Amino acid sequence: MKKSLRVFLLYFFLMLADGLLTFYNTPDLNMEANPLVTVFHLGWGAIITANVIVFVLVFMSCKYSFDIYKTIVADVNNLKEYDSQIFFNRPDRYRWNFYKLPKNWKPLWALLGYAGTYGLCIAAIIRILEWLMITFDIHSNIYNRINHALFGRLDICVCITIAIILGFHWINMEYKKSQFILLQTKNNEIYEENNFIEEK
């Protein structure tokens with residue numbers, strides 16, 4: 001089974017568990033925190049439709065990030081230069097990451113597919129745990145204080161934090177892959193050159 005499908009299925013079953021626990025605990029959605037319910041006063045139809053759209057987007061991003069995207073090989077000196085090179089075609093513009101849109105969108109989509117999907121999985125796990133606490137009437141003052149400090153959206157805050165961390169991790173992985181490919185290429189060139197000399 002391809003990695004993209006494994007990651008997508010993980011997300012799918014986590015969201016399915018979240019949805020079933022939501023229906024079990026609040027079939028009328030009175031306890032649901034989804035903005036579609038709390039802000040727009042919509043019901044199950046809107047929630048299911050939104051989730052189907054998200055499922056499609058997550059599947060496509062997983063497919064691209066894990067199966068289609070190919071590591072960009074760049075002969076640079078360090079991680080910052082690699083980051084700058086793959087996004088802006090220049091190894092000396094790392095700071096552009098903080099205020100400019102990239103010139104190359106492919107690595108950005110791959111990064112978002114990787115970091116975003118895992119971040120959403122973590123958020124789903126948190127929501128499942130929250131529903132289980134409600135289901136079994138478990139109270140935690142520490143958890144309640146942390147959740148309250150984060151405006152009742154611990155799942156979203158953790159999702160964003162994890163996605164940012166994984167984004168840096170993805171760039172680091174791609175840099176190491178690039179370095180490995182460059183090293184292999186150079187070794188092959190040396191080997192071929194030595195063989196050529198010996199044949200002479």
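**Core, cysteines and salt bridges**

Modeller: The largest nonpolar core of this predicted model has 32 residues. Tyr11, Cys62, Tyr82, Phe87 and Trp170 have the most contacts inside it.

Biologist: Which helices supply at least two residues each of this core?

Modeller: Helix H1 (3-25), H3, helix H4 (79-88), helix H5 (106-135) and helix H7 (154-199) do. H5 gives the most, with nine residues.

Biologist: What is Phe87 in contact with, leaving aside its neighbours within four places in sequence?

Modeller: Asn97, Pro102, Lys103, Asn104, Pro107, Leu108, Leu111 and Ile171. The cut-off for a contact is heavy atoms within 4.5 Å.

Biologist: Cys62 is in that core. Why is Cys62 called buried?

Modeller: Buried means under 20% relative accessible area. Cys62 has 0% relative accessibility, so it counts as buried.

Biologist: How do you know that Cys62 is in no disulfide?

Modeller: A disulfide needs two cysteine sulfur atoms within 2.5 Å. The nearest cysteine sulfur to that of Cys62 belongs to Cys121, 7.5 Å away.

Biologist: Is Cys159 buried or exposed, and what makes it so?

Modeller: Its relative accessibility is 14%. That value is under 20%, so Cys159 counts as buried.

Biologist: Now the charges. How many salt bridges does the structure hold?

Modeller: Seven. One of them joins Asp67 and Lys63.

Biologist: What makes Asp67 and Lys63 a salt bridge?

Modeller: The rule asks for a side-chain nitrogen of Lys or Arg within 4 Å of a carboxyl oxygen of Asp or Glu. Here the N to O distance is 3.7 Å, so the pair qualifies. Both residues lie in helix H3, four residues apart, about one turn of the helix.

Biologist: What makes Arg90 and Asp92 a salt bridge?

Modeller: Their closest N and O atoms are 3.0 Å apart. The limit is 4 Å, so this pair counts. Arg90 is partly exposed at 32%, and Asp92 is partly exposed at 45%.

Biologist: Arg127 forms a salt bridge with Asp155. Why does this pair tie together parts that are apart in sequence?

Modeller: The closest N and O atoms are 3.2 Å apart. Arg127 lies in helix H5 and Asp155 in helix H7, so the bridge ties together parts that are 28 residues apart in sequence. Both residues are buried. Salt bridges that share partners join Asp18, Arg127, Arg153 and Asp155 into one network.

Biologist: Back to helix H4, where Lys80 is found. Why is Lys80 called exposed?

Modeller: Exposed means over 50%. Lys80 has 52% relative accessibility, so it counts as exposed. Lys80 and Ile171 are 91 residues apart in sequence and 9.4 Å apart in space, C-alpha to C-alpha.

Biologist: What makes the phi of Asn89 worth a look?

Modeller: Most residues other than glycine have a negative phi. Asn89 is not a glycine, yet its phi is positive, about 60 degrees. Asn89 is in the loop between H4 and H5. At 44% relative accessibility, Asn89 counts as partly exposed.

Biologist: What is the phi of Asp137, and where is this residue?

Modeller: Its phi is near 55 degrees, again a positive value in a residue other than glycine. Asp137 sits in the loop between H5 and helix H6 (141-149). Its relative accessibility is 56%, over 50%, so Asp137 counts as exposed.

Technical notes
Residues numbered from 1 in each chain as written. Predicted model: local features only at pLDDT ≥ 70, side-chain atom pairs only at ≥ 80, totals over all residues. Heavy atoms only, no water. Core = buried A, V, L, I, M, F, W, Y, C linked by side-chain atoms within 4.5 Å. Buried < 20%, exposed > 50% of the residue type's maximum accessible area, 1.4 Å probe, protein only.
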